[in-house]
Amino acid sequence: MAKRPHAVGPVVGVLGLATAAGEAGTALPGRAWVAARVDRRVAWELARARWLLALDGSAIVDLPHGDFRMLRQGEALELPAGLAVSVQPVGDAVALLWHDDV
């Protein structure tokens with residue numbers, strides 16, 4: 001059976017994927033976006049620029065030189081390549097969605 005040119009794919013439970021993947025994250029099916037659930041402080045050395053979106057919960061993004069950003073549910077933050085950051089959930093956990101520039 002040939003694929004219809006305007007077929008709509010299945011619904012993806014992004015929060016469920018994030019919860020199942022934990023802090024390591026998992027790619028959304030067929031996409032470069034990663035869903036993750038972070039329940040402790042994690043550190044990243046960013047080789048590429050990263051868009052970071054809080055899906056559920058809030059996080060503190062610690063930046064170099066004592067700077068930080070508060071990322072709340074529904075908010076996004078662009079982080080430049082070469083940056084060392086840490087992400088810490090506010091409360092029990094934060095569900096995140098991110099995409100690294102290629």
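Modeller: Let us begin with H65, which sits in the loop that joins β4 (50-62) to β5 (68-71). Elements of this kind are DSSP runs, numbered from the N terminus, where a helix is a run of H or I with at least four residues and a strand is a run of E with at least two. Residues are numbered from 1 along each chain as its sequence is written, and because this is a predicted model, local features need pLDDT of at least 70 and side-chain atom pairs count only at pLDDT 80 or more, while totals for chains, interfaces and linings use all residues. Side-chain values use heavy atoms, with hydrogens and water left out.

Biologist: What is the phi of H65, and is H65 buried or exposed?

Modeller: The phi of H65 is near 65°, which is a positive value in a residue other than glycine. For the second part we use relative accessible area, found with a 1.4 Å probe on protein chains only: buried is under 20%, exposed is over 50%, and partly exposed lies in between. H65 counts as exposed because its relative accessible area is 86%.

Biologist: Where is R50 placed, and which side chain does the side chain of R50 contact?

Modeller: R50 belongs to strand β4, and R50 is classed as buried because its relative accessible area is 9%. A polar contact is a pair of N or O atoms within 3.5 Å, one able to donate a hydrogen and the other to accept it, and residues adjacent in sequence count only if both atoms are side-chain atoms. In this model the side chain of R50 makes such a contact with the side chain of D100, at 2.5 Å.

Biologist: Over the face of which residue does R50 lie?

Modeller: A charge sits over a ring if NZ of Lys or CZ of Arg is within 6 Å of the ring centre and within 35 degrees of the ring normal. R50 lies over the face of W44, 4.4 Å from the ring centre.

Biologist: How many residues apart are A49 and D39 in sequence?

Modeller: They are 10 residues apart in sequence and, C-alpha to C-alpha, 23 Å apart in space, whereas R50 and G13 are 37 residues apart in sequence and 22 Å apart in space, again from C-alpha to C-alpha. A49 is placed in the loop between β3 (42-45) and β4, and A49 counts as buried because its relative accessibility is 17%.

Biologist: Which pattern does the protein follow along its sequence?

Modeller: The protein has one helix and seven strands, and the order along the sequence is α-β-β-β-β-β-β-β. Its C-alpha trace spans about 55 × 30 × 20 Å along the principal axes, and of the 102 residues in the protein, 33% are buried.
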